[in-house]
Amino acid sequence: MNTTRAEHRRRAARRTRRRRTISAVIAVALIGAGVVAIALTRTPEAPLVADDTSVSAAPTETPTPTATPLTPAQALLAGSTDPHACAVSFAGDGIALDPQLQTQGARYQNLPIPRADGRVFAGWYDDATAASAMTQTARLNGADLVACIDRQRTLHAGWTTPEANAAEAAGIPILMYHQFTRNPNGEDNWLRLNYTYVGDFDAQMAHIQQSAFYLPTWDELSAFIDGKLFLPKHSVVITDDDADSTWLEMAAPIVGDRKLLTTSFVITSARTEGTPNPFVLQRSHTHDMHRAGANGKGRMVNEDADTIAADLERSAQILGAKEVVAYPFGHYNDTTKEGLRRAGFELGRTIEHGYVRVGTDKLALPVIRVNYGMTVDDLKKEIG
């Protein structure tokens, strides 16, 4: 009996220990589960805090700046692949012109000649002050080389009044040369008077250069005749007829070295080579009209207007320019003029002595013929 009771007590004690052990295990398990649960519930918060910190520290997004629009001159340059291109802009009272692309180191090409009622255009100048004063030495045109800063340049317009233009009363001489010789005594043949001693020619060109004569282009001369462009009295146009080999060998280098704009009137059936230097314009002396027609005079007074026009069109195609024709032998009549008009030429140059003035017949421009024996002093008497 006693043994049985003692055994019962031992068994009860073991059961109690087992329950305690199980309770302890359960408690430990519950604690572990709680830690895991807390960890699980807290894990998303860590990145939230990090995200919050990251958001607060992130830089503010900078808006994309708006590009500054190009000026018309800059846009013109942007479209050019020529490293020598220069955008020339135009400024002045009443001037609203688009810029032009010119080539640095080359002569200005096709500069505009603005027209305005009640005013006379007086040319393009280096700056506004020179334009206002109409300073001749600062006036620029197709006789001048293009020079730019940072591939851009602005030309300023000068203006004067019709009354001031009339008061100037300019008479513009067109010089006419032919052949040249290195012989101071000239050439002993039937064309003797046509030959200019090259030493005299150089002295004459030196006078024109050093005296700073203004050298008008043909489009300027045309606008001057219309009374729409002011030309100073101190102006001169230099020309040579025939493009003779003596001109090319002796005289053309002189005008090139002195940078004097000169027009060479070329018979294109005889010559088709290009200009000898940048200061020599090549213009028409007709294609095949520089020979006698049925009556012994030049073909320009023997052919009909359509035939003359066709010849001049051929000449212009070879030269790449129209503007002006020098009449072979100086022969012309009304039919000749009509042929020029049909071919689209605006000016015709004769061999008649005189000066171009406002209102001169554009198809009958007079000249100052330079003959053998004329010195620089003789030339001064003719052109000042």
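**A walk through the predicted model**

Tyr177, in this predicted model, is in contact (heavy atoms within 4.5 Å) with Thr196, Phe201, Gln204, Met205, Ile238, Thr239, Asp240, Asp241, Val370 and Leu379, leaving aside its neighbours within four places in sequence. Apart from the core that holds Tyr177 lies another core, of twelve residues, among them Ala309, Val325, Tyr327 and Phe345. A nonpolar core here is a set of buried Ala, Val, Leu, Ile, Met, Phe, Trp, Tyr and Cys residues joined through side-chain atoms within 4.5 Å, where buried means under 20% relative accessible area and exposed over 50%, with partly exposed in between (1.4 Å probe, protein chains only). The largest nonpolar core has 65 residues, of which Leu175, Tyr177, Met205, Ile208, Trp218 and Leu221 touch the most other members. Helix α8 (residues 245-257) gives the most to this core, with six residues.

Residues are numbered from 1 along each chain as its sequence is written. Local features need pLDDT of at least 70 and side-chain atom pairs count only at pLDDT 80 or more, while totals for chains, interfaces and linings use all residues, and side-chain values use heavy atoms, with hydrogens and water left out.

In α9, Ala305, Ile308, Ala309, Asp311, Leu312, Ser315, Ala316 and Leu319 are buried. They lie on the same side of α9 because they cover an arc of only 160 degrees around the axis, taken from the directions from the helix axis to the C-beta atoms. What covers these buried residues includes β10 (262-266), β11 (280-284), β12 (324-326) and α10 (334-343), whereas the face turned away from the buried side carries the exposed residues Asp306 and Gln317. At the start of α9, a side-chain oxygen of Asp304 reaches to within 3.0 Å of the backbone nitrogen of Asp306, and after the helix comes Gly320, whose phi is positive, near 75 degrees.

Lys362 lies in the loop between β13 (347-353) and β14 (365-369), and Lys362 is buried, with a relative accessible area of 16%. Leaving aside neighbours within four places in sequence, Lys362 is in contact with Ser222, Ile225, Asp226, Glu346, Leu347 and Gly348.

Elsewhere, five strands form an open sheet of mixed pairing in the order β2-β1-β5-β3-β4, two strands being paired if DSSP finds at least two bridges between them. β2 (100-103) and β4 (139-140) stand at the edges with a single partner strand each, so one side of each is left without a neighbour in the sheet.

Methods. Helix = DSSP H or I, 4+ residues; strand = E, 2+ residues; numbered from the N terminus. Polar contact = N/O pair within 3.5 Å; in protein donor to acceptor, adjacent residues only side chain to side chain.
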